[in-house]
Amino acid sequence: MSVDPATLERVFGPSEGTTIEARARSSERLFARGLDQLVQASGPTSGRLLTAREALEAYGFDKLLEVANEGSALLAPSADAAGLPLSTRRKQLGLDERTVAARAHVTVEEVQACEASRRLPLRTYEKIGREIGLDERFVAVKRLPTINERIALRLRNLGDEVGALGQATVATLAEVAWVAATQGRIADQLGLVLDRHGLEPNSNFGTSDYPAYRWGYLLAQETRRAIGRPAGEPIASMRELIEETIGIILIQCDLGDQIAGATIESQNHRSIVVNLSGANRSVYVRRTTMAHELGHLLFDPVQELSTLRVDDYGELERPHEEIADAVEQRANAFAVELLAPQEAILAHYEKSGDITETVGYFGLGPTPSKHQIRNASSGRITPASMRVARSDSEEWRKYSSFEGAESLAVIDFHPIPGIRPSRAGRFGALAIRAAQERIISWDTAASWLETTEEGAKKAADGIRELFPSVWK
Amino acid sequence: MTLQEFMAQYPPKVPKKPHANDDEIRLLGSSDGVILVGPAPLETARKAHPNSKDADLARQLWVFSVAESAPSIPSIAERTVVVPPLQSGKVKHSNLTGGGKASCGGELWVDPANARKLYVNGASGRYGPDSEKELADAVAVFSGLGFETVNFGWDDVGPARFLRER
């Protein structure tokens, strides 16, 4: 689309470049969005402030031109487009109004009013939209729910199937789906793209002669080769491997005591979700959970991922040979082989003679470590013959060194007090950097991080220290 | 509030936006379909509820004008086809003033069942109200003419564009 320089100047103000995109990138103009419309920002507003680039990406050049020509651009196609997607999605998820209200920090009456498309601040609509996995940029702009449609249906079905996903878990995963989609979009805009290292999905889940767990071993070995980690070298941080080496989104949240983790595919971005509660409080279990989900995410074909796959602790803790589901069996075998390849863990144990030291060296929990050694030694070394030191002993502490490297839960010392776990990770760092580069406004970043604009700016340096790779 | 009182409080102002082409400041008159809003009822305008499917066709632009010798409220349907046709295909508020000054501007709809009932907003990029209070005062002018009025109110960023319950 070719636009004359005078028009570009009118839309974007002082700016450089010959294309719409270049002008938007260099423009310092801010736009303000209300429930119905978009205007050029001038002075204090209760509306959502957007950078030129942000407004262009969300609403397109024609709307920005309309703002320049007419003073405002109507974004909503109809009055009911404000509430319809909210009520549709909430019902898709099977969530009640009270749960959504509590999570969005609004009242039940506000949820009801928004679903009825009544006159409330856009920010109230946005808060509710994010909690149920909607792209808040399009709340009141599109009559049907945008993004994460299949995840919502899958969540509903999972709840119906297992009956175990309560309102809180469904609501948490719906919000996590929003984080995943948003983080993926911002990472793309910042050029922090996934590097799969040549690792492609693999639909081979084994046969009776060559079971799925063996494929899991092979894929783990392939992964170590691809990322340049020899078998004998421990993976110092699964978190870094996932987020920085491979570039996969990793999100932490509280999912109760049953679910270990999940994978989510949202807007072409695959993400790993790690529960902070339950057995994952142990760094070894958490590393296994992350490795297991990485196995799903790297190698399961799309149809197996089902856009959302939830794994409970029970499956992760069982020896992979005993798991009937080939997809889970393969992922379990992948996890233990990635963390502690059989030959390497056997060699280490035979040299050290101390299973506690071996557990501490590879960062794989005692039970799976013993299984790996037993399998590698063809049953010569039995699990019962290996005695692990008590987890509260000095000997255990001497060898256990992964807690810091795998620290997902930075909430306690995060520069933004009270930030929720799902947004305390790399997501927050990407939001800050995107604001610094005017991909989004500080107002947007602040609302994502549930703080004030000033609070987000003050936290920027501290967040950068926590996630330096986002600025590399 | 009377129109004169409103204009005393909110003096006429030039358009906030420059015109994009010359026909945006072509002054339209009664032969083009411009009507003057006077005491209720308003029978001559097309009628529809602002949230109905016919709303676009029934949308009337209004301004508090000083273009004539005395203050007046000219109004015209935005979708009126005029001759020669307008470049954008839509009438602009500046077509009601010839690009001159006006105290305020917006849109209105006449209730389909009651020509004494108006739904009024301040949606005008050129002459729109600068505050919620100014919009309320403008709506009070219509009330003063004997209309039952419904004020669209204020969005986060300006005069609301849709009629919503509060």
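I took helix axes as lines fitted to C-alpha atoms over the stretch in contact, with angles running from 0 to 180 degrees between N-to-C directions, and I took helices (H or I, at least four residues) and strands (E, at least two) as DSSP runs numbered from the N terminus. This is a predicted model, in which local features need pLDDT of at least 70 and side-chain atom pairs count only at pLDDT 80 or more, while totals for chains, interfaces and linings use all residues. Residues are numbered from 1 along each chain as its sequence is written, and chains are lettered from A, with ligands numbered from 1, in the order in which they are written.

**Entry: α11(A) and α16(A)**

I looked up how helix α11 (residues 212-226) of chain A packs against helix α16 (residues 326-339) of chain A, and found an angle of about 40° with the axes 7 Å apart. That angle makes α11(A) oblique to α16(A) (under 35 degrees counts as roughly parallel, over 145 as roughly antiparallel, 65 to 115 as roughly perpendicular and the rest as oblique). The crossing is right-handed, meaning that the near helix is turned clockwise from the far one by less than a right angle. For contact I required C-beta atoms, placed from the backbone, to lie within 7 Å; the residues of α11(A) that make it include Trp215(A), Leu219(A) and Arg224(A), and those of α16(A) include Arg330(A), Phe334(A) and Glu337(A). I sorted the residues of this contact into 11 nonpolar, 5 polar and 3 charged, where Ala, Val, Leu, Ile, Met, Phe, Trp, Tyr, Cys and Pro count as nonpolar, Asp, Glu, Lys and Arg as charged, and the others, Gly among them, as polar.

**Entry: α10(A) and α22(A)**

Helix α10 (residues 167-190) of chain A packs on helix α22 (residues 426-436) of chain A at about 45°, with their axes 10 Å apart, and α10(A) is therefore oblique to α22(A). Here I noted a left-handed crossing. Among the residues that meet are Val179(A), Ile186(A) and Leu190(A) in α10(A), and Phe427(A), Leu430(A) and Arg433(A) in α22(A); by class the contact has 8 nonpolar, 2 polar and 1 charged residues.

**Entry: the sheet of chain A**

I traced an open sheet of 4 strands in the order β5-β7-β6-β8 (chain A), with mixed pairing, counting two strands as paired if DSSP finds at least two bridges between them. β5 (249-253) and β8 (308-312) of chain A stand at the edges with a single partner strand each, so one side of each is left without a neighbour in the sheet. The twist averages 20° from one strand to the next. Strands β6 (residues 259-266) and β7 (residues 269-275) of chain A pair in the antiparallel sense over 6 bridges, and Thr263(A) has Ile272(A) of β7(A) as its bridge partner. Helix α13 (residues 283-299) of chain A lies across β6, β7 and β8 of chain A and runs at about 160° to β7(A).

**Entry: the sheet of chain B**

In chain B I found an open sheet of 6 strands with mixed pairing, in the order β1-β3-β2-β4-β5-β6, whose edge strands are β1 (35-36) and β6 (148-151). β1(B) pairs with strand β3 (residues 74-77) of chain B in the antiparallel sense over 2 bridges, and Leu36(B) stands opposite Pro74(B) in β3(B).

**Entry: where chains A and B touch**

The contact takes 23 residues from chain A and 19 residues from chain B. On the side of chain A that touches chain B, β1 (30-33), β2 (37-40), α4 (61-70) and β4 (72-74) of chain A each supply at least two residues.

Definitions and conventions: Contact = placed C-beta atoms within 7 Å.
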